[in-house]
Amino acid sequence: SNINLSFPLFFSFLGCFQFFIVKIVKMVNKRSKKAVENINSRLALVMKSGKYHLGLNATLKTLRSGKSKLVILASNTPPLRKSEVEYYAMLAKTGVHHYTGNNTDLGTACGKYFRVGCLSVTDPGDSDIIRTLPGAEAAQS
């Protein structure tokens, strides 16, 4: 008879636990959505008032010349290409931000109608994108 009493209690506990997990997941999704919107708005300001270079070859060229202040990589950038850009950025003491969306999302965030795998910000203009992005701390120090 102890088993019969504990089953409803156990399932009510699971229901409460599931409710709290759903609440936490919704909170995390709201925060990450706000962070993406924040990055997109800063990126739009760079596109409008700053200087940037789109694409792998242009990004590597700005890293080699030391002009790049920040590099943004799409989430679906191939691992070998990603590590190559990260290595050049480490040598140039430039911050790298891993964009949460894929290259189509990054192109849309840049206001372009094509895919953008990586981009280099050489002059942020009116935007504070270099100070606020997590990957940009390497550029500051």
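Figure 1. Asp-128 is partly exposed, with a relative accessible area of 26% (buried means under 20%, exposed over 50% and partly exposed in between, using a 1.4 Å probe and protein chains only). This is a predicted model, in which local features need pLDDT of at least 70 and side-chain atom pairs count only at pLDDT 80 or more, while totals for chains, interfaces and linings use all residues. Residues are numbered from 1 along each chain as its sequence is written, and side-chain values use heavy atoms, with hydrogens and water left out. Which residue forms a salt bridge with Asp-128? Arg-42 does, and the closest N and O atoms are 2.8 Å apart (a salt bridge is a side-chain nitrogen of Lys or Arg within 4 Å of a carboxyl oxygen of Asp or Glu). Arg-42 sits in helix 1 (residues 2–49) and Asp-128 in the loop between strand 4 (118–123) and helix 5 (129–132), so the pair ties together parts that are 86 residues apart in sequence. Arg-42 itself counts as buried, at 16% relative accessibility. A search of the whole structure finds one salt bridge.

**Figure 2. Val-36 on helix 1.** Here we look at Val-36, which lies in helix 1 (helices, H or I of at least four residues, and strands, E of at least two, are DSSP runs numbered from the N terminus). Val-36 is partly exposed, with 25% relative accessibility. Leaving aside residues up to four places away in sequence, Val-36 touches Tyr-99 and Thr-100 (contact means heavy atoms within 4.5 Å). A separation of 9.7 Å lies between the C-alpha atoms of Val-36 and Ala-109, which are 73 residues apart along the chain.

Figure 3. Tyr-87 is found in helix 3 (residues 79–92) and is partly exposed, at 48% relative accessibility. The structure holds one aromatic pair (rings of Phe, Tyr and Trp, the last by its six-membered ring, pair if their centres lie within 6.5 Å; planes under 30 degrees apart count as stacked, over 60 as edge-to-face and the rest as tilted). That pair is Tyr-87 with Tyr-88, edge-to-face, at 6.5 Å centre to centre and 70° between the planes. Tyr-88 is also partly exposed, at 24%. Together with Met-90 and Leu-91, Tyr-87 makes a nonpolar surface patch of about 350 Å². Patches are made of residues with over 30% relative accessible area and no salt bridge, joining like charges within 9 Å and nonpolar side chains (Val, Leu, Ile, Met, Phe, Trp, Tyr) within 5 Å.

Figure 4. Is Thr-62 buried or exposed? Thr-62 is buried, with a relative accessible area of 5%, and its place is in helix 2 (residues 56–65). Not counting residues up to four places away in sequence, Thr-62 touches His-53, Lys-67, Ser-68, Ser-120 and Thr-122.

**Figure 5. Stepping back to the chain.** The protein chain has six helices and four strands, which run α-β-α-β-α-β-α-β-α-α from the N terminus on. Of its 141 residues, 32% are buried.

Note on methods. Accessible areas come from the Shrake-Rupley method with a 1.4 Å probe; for residues, only the protein chains shown count as cover.
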